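Student: I have a model open in my viewer. Could you show me how to read its main features?

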Amino acid sequence: MKLRATASAFALGMMAAACSQGGSIASPGTTAPTTPPPSSGGGSGGSGGGATASCPSGFSEGTAIGSVTTCLLSGTLLGTTTLTQVDGVVYRLNGRVDVGVDNGADGTDAAGAVASLVIEPGVTIIGATGQDYLVVSRGSTIEAAGTASQPITFTSAQDIERQNDTDPANDLGETFDGEWGGIVLLGSAPQNRCLSGSAYFTDTCQQRIEGVTSPDALYGGDDADDYSGTLRYVVVKHAGFELTTDNELNGIAFGGVGDATVVEYVQVYNNADDGVEFFGGTVNVKYLVLNGNNDESIDTDNGYQGTIQHVVVEQTTGRGDNITEQSSVAAAPASQSSNPLIANFTFIGSDGDQVFRSNTGSIGRLLNGVIVYDDACFAWDADAGDGDDTSFGGVGVDPSFASVLADCGTNGAGLTDSDPETAAAVAAAAAAPDSVFNTALPVANTLAAKFFSGTAEQGITAANLPAIDASFDDTNHIGAFAPGESETNNWATGWTVGLFPDTLTCPTGTIDNGNTIGGQKVCVVSGVLTEDIRLTRGNLYELDGRVDVGVDMGADGTAAAGDAATLTIESGVTLFGNTGQDYLVVNRGSEIRANGTANNPIIFTSEADLRDTQPSPDQADGEWGGIVILGSAPQNRCLSGSAYFTDSCQQRIEGVTSPDALYGGDDVSDSSGVLRYVQVKYAGFELTPDNELNGIAFGGVGDGTTVEYIQVHNNADDGVEFFGGTVNAKYLVLTGNNDESIDTDNGYQGAIQYVIVDQINGRGDNVTEQSSVAAAPVAQSSNPKIANFTFLGTDGDQVFRSNTGSIGQLLNGVIVYEDACFAWDADAGDGDDSSFGGVGVDPSFSSVQADCGTNGAGLTDSSPETQAAVDAAAAAPNSTFNTSLPVVNTLISRFVNGATETAATATDLTAIDPFFDDTDYIGAVENANDAWWQGWTCGLPNGDAC
C-alpha cells in the first residue's frame, strides 16, 4: 500500500506530562480507577490561548487551541475511562494510547488487563502528530455511541485550528491528511495469517497489527462472536500515518474483530492510507461513508468474512487508489479466505486504479450496487499460484456480482490487456444477475446529485440479500440510498463531512423554504423541537414564530407531558427573525449548546440586518424577539403560596404567552447548556404592556450552565435579565440597549465577571437594576455580584438602581457616567429608609473608581437614602468616588485602563466567590494587550463583527 506525501503535520505544543493517575487514567498494573464526573460548566480552567472550560476530574490539561481546552489521554487506560462531553473541551491522544493490555486469543493471558473506553455523544478526540493514535487491545472495548445530532469526532489538532478560521469552508480541509495516527481495534475472531505454523482460524493463529510497534499489538483467535464494543455515529478525519516503510496506520484498522461488535454510521474522511482495513475477523458494518481517502477505501485481508451494507465511497479528485482491495494467505482454502460481502453500495471515482481488486486468497461479492468510475473496474492477481489463471485469487471460487449497475468509463468492465483473467472477469460481470455493465450494453448512470438513484438505477431488480446473509437488511433497491432520498433527507445527512460539499443542505428538523440571502440558503426552524437538532455551518436559519426547544419538564424534571431536547448550534452559524413574534425559548429540562469561537461567533440578528434594509442601524432595535432560557434553579416570586427557593416555587417568564413558559425549582446546579461567543443584535419586543422580550432572558437558570463571551447589542428592552437562578457569566458585552443593560430579579444570586457596558447613541435607562419579592429574607433576595466591569453612559437614569428585596455587590470596577450613579426604593416597606432594598443589608462596593458627572455619586434629592448611598460609596475599600475626592477617568479607547485605573488597588475576588478569577486590576480590560472582546463583538472599537 502506498502512502503519498502529506501536508506537513506540525507538532502542536502540548504538555509533556502524562495524565495524572487520578480519575480514570491509569498505568499498567494500577487498580481500576473511577470514572471522571461531568464538568459543571463554566469555571476558569484551560491553560493559555483564552480557553476557559475545564477538564473533567482526573484529566490533565494540555496547551489550549485558541478558546478550546485540551485534556490529555496518555499511556495505558485501565478500568473504565469515560470521556464526558464538555463544551469547549477536546481530548488529546498524547502519543500511543492503549485501552487495556492484550488479554490473549482466549482471554486468559495472565499479563492481560481488560479495560473499557466510554465516549459520550458530541465528544471530540484529537491527535497532533502521526505518533498519536488509539489501540483497543484484545479483550477490551470501546463504547463510542454518538448520535446523528451529536456525532463523536476523531480529528487533528490542526483541524481544530482551521475551524477557528473565518472561512467556514476550511472545516472541510480537502487537502489535509496524515495529521494524526488513527484508530486500531483488535479482537479474537478468526484470521489466517499466523505468526507461527498454527492452523488457520484457530486460537493459536494470531498476528501483529499493521501500523503499531514497540510493543506490537496482536489480534486473532477462534471466537467469531467476539465483542470489541460499539462505533456508532463516529467520524474520523485527517488521519493515517506511515510509521515505517509499508507499515501504515489507517483511518480505522479492524484486526480480528468479531461479529458481536457494533459498527454503524461511521465515516472516514481524508485519510492518508486506507479508509478502513479489515485484517481477518467477522465484524459486520452498516452505514459506512468513505470519502477523500488516499489509498484503498475498503481493504480486506487475512480471511475477513464479514458483511458491509449501505456504503458510500467517493474518491475525490486526485486522491485514492482502488476502491476495494482484498487479499489473504495464498494457500488458505476457500472457507478460510477473504470473502467480504458488500451490498447497497455507491462507488464514485475518477482517477484511481480500480473499483475491485482481488489478490491472492480472496473471493468477495458485490451486490445491489452502483459504480461510476472513469477508469477500469476490475483487476486481480494474474498468477495466483493455483494453476488456474481463469480464477480470481487462486482459491478456485470466483467473486460474484448481482444487481450491479457499472458505468466504468473508457476502459470497460475489465482491464485493457488480453490475459485470460480479463476475459473471465468481463464474462462474469456481463453474466451477473440483473446487472448491467458497459461492456455488455451501453449504460450510463442516471444518478442525481452524484449519489441518488435515477431511472436507470431504479430499473435494476435488487437481489434478495437476507437469502445470502442473515445480517443484511432486506432492501428493494440498488445503491447506498433508497429511491426518494436526497441531499436533504438521507441516512448520511447532518453528521458526515464533505460528502455533499457542492450543495449545502438544511439539517434534519429544519425546512428548506427555497429562499436565499446573500447567496446563502435559508433553513426554517419552527414550532416545538422534541428531537435533538444540530444547526450546521454554511446556511442561514430563520426563527419562524415562537420556537420551543423541548416541552417543559417541570421543576424536578419528571413532568409527564414534558419532552427534553437539545439544540446544538455550530460555530459561525447565523440565526435571524423577522418580527417581534420570532423568538427562541429553551424550556426547563432541555438545553441549547451554542459553542462559537472568537473568529466564528454565533449570531442572532434580524432579517433587516442581513438584507441591509435598516433605516438607521445605530438606532435599530426590536426587529425580532430574542432568546429565553429557562431552568429549575431557585427563585422567589412564586405563582402560588409556596416557600421561596423550593421546587414548587415557579413563575411564568416575562415576554412569553400562549402558552406560558415556566421557570424555577430547587436545583442550583441545573444546566441549560452553553452560550459561548454568542452575539444577539436588534432584538427585544413588547408583546403586551410591561411584558417584553429581552435580548437574553434567563429564568431560573442554574450554575451548571456555561455563559461566556456574550454580547447583546441594540436591544429594545433589557440587554440581559436574570429572573432568579444561580447562573454565572463571564466576558459580557452590552452595547446600545434601550432599557437596563443588566436586570436582576426574583432572587438571582449569581456572579458576573468581565463586563463592558456602553450606553451609546443616546440609548439606555439604568446600567443595572435589581429587585425581588419585598418580603424575601436576605438569603433569598436578589444579590448579584458584578466584578471587573467598565460601565460607560451618558444620559440614562442611573448606574446602579436597587429596588425592593435586593442587595448586590460591585467589585473591581470603573464607572464613567454623566448622570447620577445611584438610586433605590425610597420606601422599601421595612420602616428603614436608610437601607437599600428593604432587606436590612446594604449593597457593598469595593475597588470601584466612579467618575459620576454633574450629579455626583447619588441622587440630587436630600432623602436619607441618598446620603446613605453617598456615605457607603465614599467609604468603600480602595474606591474613589467624585463626591469624596476629585477623580477623572483616564480610560483609553473608551474602556481600556489608563494610568488612574492601573494605579487602583484591586480586591481579592476569590475570597468573595470561587467562580471569580483572581485579578489584580479593576475594570473589564486590563490594558491594551487584553483583547478578549476583539474580533467577535459589534459596536466597539476593533470589535469587527457587526
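**Reading the fold and its charges**

Tutor: Gladly! The protein chain has six helices and 55 strands, taken as DSSP runs numbered from the N terminus (helices: H or I, at least four residues; strands: E, at least two). This is a predicted model, where local features need pLDDT of at least 70, side-chain atom pairs count only at pLDDT 80 or more, and totals for chains, interfaces and linings use all residues. Residues are numbered from 1 along each chain as its sequence is written, and side-chain values use heavy atoms, leaving out hydrogens and water.

Student: What percentage of the 946 residues is buried?

Tutor: Buried means under 20% relative accessible area, exposed over 50%, and partly exposed in between (1.4 Å probe, protein chains only). Here, buried residues make up 62% of the chain.

Student: How many salt bridges does the structure hold?

Tutor: A salt bridge puts a side-chain nitrogen of Lys or Arg within 4 Å of a carboxyl oxygen of Asp or Glu. The structure holds 23 of them. In one, Lys-286 meets Asp-473 at 2.7 Å, N to O. This pair links distant parts of the chain, 187 residues apart, with Lys-286 in strand S18 and Asp-473 in the loop between helix H3 and strand S28.

Student: Are Glu-708 and Arg-676 buried or exposed?

Tutor: Both are buried. Their closest N and O atoms are 2.6 Å apart in a salt bridge. Glu-708 lies in strand S44 and Arg-676 in strand S40, so the pair ties together parts 32 residues apart in sequence.

Student: Which residues form a network of salt bridges?

Tutor: Asp-159, Arg-162, Glu-179 and Lys-237 are linked that way.
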